[in-house]
Amino acid sequence: MIKQPPTSSVVYRAFRFMRIISENAQRELDNRLPDTLTSRQFEVLNRLYFVGDQTASQLAAAFNVSAPSMSQMITRLRAVGVIEMSRKSDDARAKLVSMTESGKDTLESTVQSLMSGFEPVEEALGAARLQHLLEELEAVQGALSGVASKAKGNGADAEL
């Protein structure tokens, strides 16, 4: 006998499926990452790739981790040569975290590997359906960012 969810709410069911999809995608990512990177470190590289150079405190806020935790992650990523630190031009005390060429190569090759793992999804659903799904998920992310900001009482962006 199949158990019914504690609520038949569409929101509950949608978030339940998003969590399942997230777990499956996480498993796929973990299987394709180089041995030198964790999935969280990969997310930091991904952010630097798309957002650009950031300070350690900006990264800590973006990932909702403490400054010491982000500092440890930065140290590990520097040790494997995928990021580097430089002084901000307008404030010599602040340091910017940026990707190295090796970091970009690592990110791009990992993404290519991931894409090959997700090709069956695109073949099954088609590009148009996936594009529509992406637009809907972006709307959900926007709504969640608003909820998170209200809950924290600030305008923090939960986007990674």
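Trainee: What should I know before reading values?

Mentor: The model is predicted: local features need pLDDT of at least 70, side-chain atom pairs count only at pLDDT 80 or more, and totals for chains, interfaces and linings use all residues. Residues are numbered from 1 along each chain as its sequence is written, and side-chain values use heavy atoms, with hydrogens and water left out.

Trainee: How many residues does helix α1 have, and what is its reach?

Mentor: Helices are DSSP runs (H or I, at least four residues), numbered from the N terminus. The expected span is 1.5 Å times one less than the number of residues. Helix α1 (residues 10–32) has 23 residues and reaches 33 Å from first C-alpha to last, close to the 33 Å expected.

Trainee: How many salt bridges does the structure hold?

Mentor: A salt bridge puts a side-chain nitrogen of Lys or Arg within 4 Å of a carboxyl oxygen of Asp or Glu. The structure holds four. One of them joins Arg 19 to Glu 23, closest N and O atoms 3.4 Å apart.

Trainee: Why does spacing in a helix matter?

Mentor: An α-helix has 3.6 residues a turn, so residues three or four places apart point the same way. Arg 19 and Glu 23 are four residues apart in α1, about one helical turn. Arg 32 and Glu 28 share that helix, also four apart; their salt bridge is 2.5 Å.

Trainee: Which residues touch the most other members of the largest nonpolar core?

Mentor: Such a core is a set of buried (under 20% relative accessible area, 1.4 Å probe, protein chains only) Ala, Val, Leu, Ile, Met, Phe, Trp, Tyr and Cys residues joined through side-chain atoms within 4.5 Å. Among its 21 residues, they are Val 44, Leu 45, Leu 48, Leu 59, Met 70, Leu 77 and Ile 83.

Notes:
Buried means under 20% relative accessible area, exposed over 50%, partly exposed in between (1.4 Å probe, protein chains only). Helices (H or I, at least four residues) and strands (E, at least two) are DSSP runs, numbered from the N terminus.
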